Amino acid sequence: MSFQTPMRAPGSEEGASPGIMSCYLDSLSLVERLHRLLLDVIKDEFERLGILEINPVQALLLFNIGENEVTAGELKTRGYYQGSNVSYNLKKLVECGYMHHQRCEIDRRSVRVKLTPKGVELRGMVTSLFERHAKGMDARNVITLDAMDEMNRTLRRMERYWSDQIRYIY
């Protein structure tokens, strides 16, 4: 998806300045492209390793859950999973032996999930991939630690702003 600057009605004084709007739309495109590229990088690594039974989204879910035990509902609220088809991905990960699932003793409607040893091993592969990338970017001076830290602070501010927009809409 490519973000285009919307047309303003002639004589309209409202709206963001052209500079900030252009930069904002560029940022949106970059975030979207980076996420897709991350999935492609994970897919390529899995193909190289011969791991074909799960997809990059499922691998990121395993990576983000880590050592935690969570309910399916908590996956989104804790930021471990951003998609809409969490049930499908959890079912697939359980079927392939990467996750355990168990009904919660207190609320039988709720299911708790955690990684199996096979899931922990795959998570380690993703961790190694990310470590190689971090080391490579540092070695090639792609981005400095200070620049990455500032970028992360900026992205967190955008995340907070968007969250507030959703939270206060009703």
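Here's a quick briefing on the confidence, pocket, strands and salt bridges of this structure.

You're looking at a predicted model, where local features need pLDDT of at least 70, side-chain atom pairs count only at pLDDT 80 or more, and totals for chains, interfaces and linings use all residues. Residues are numbered from 1 along each chain as its sequence is written, and side-chain values use heavy atoms, with hydrogens and water left out.

**Confidence**
- The protein chain has a mean pLDDT (the predictor's confidence in each residue, from 0 to 100) of 87, with 88% of its residues at 70 or more.
- Helix 5 (residues 117–139) scores highest at a mean of 97, while helix 3 (residues 72–77) is lowest at 78; helices (H or I, at least four residues) and strands (E, at least two) are DSSP runs, numbered from the N terminus.

**Largest pocket**
- The largest pocket holds about 2,200 Å³ of space. On a 1 Å grid over the protein atoms alone, a pocket is an open set of points where a 1.4 Å probe fits, with protein on both sides within 12 Å along at least five of seven lines, and lining residues have an atom within 4 Å of a point.
- Its lining takes in 42 residues, and V31, L34, H35, L38 and L155 lie nearest the centre.
- Helix 6 (145–167) is among the helices that each supply at least two lining residues, and it gives the most, with 12.
- By type, the lining splits into 26 nonpolar, 11 polar and five charged residues; here Ala, Val, Leu, Ile, Met, Phe, Trp, Tyr, Cys and Pro are nonpolar, Asp, Glu, Lys and Arg are charged, and the others, Gly among them, are polar.

**Strands**
- Strand 3 (residues 111–115) pairs antiparallel with strand 1 (residues 70–71) over two bridges, and pairing takes at least two DSSP bridges between strands.
- Strand 2 (residues 99–103) also pairs antiparallel with strand 3, over five bridges.
- V113 in strand 3 stands opposite V70 and is the bridge partner of H101.

**Salt bridges**
- There are 10 salt bridges, each a side-chain nitrogen of Lys or Arg within 4 Å of a carboxyl oxygen of Asp or Glu.
- In helix 1, K43 and E47 sit four residues apart, about one turn of the helix, and their side chains meet at 2.7 Å, N to O.
- D149 and R153 meet at 2.5 Å, N to O, and E150 bridges to R157 with the closest N and O atoms 3.9 Å apart.
- D149, E150, R153 and R157 are linked in a network of salt bridges.

Terms used. Grid points are joined across faces, edges and corners, and a volume is the space filled by probe spheres set on the points.
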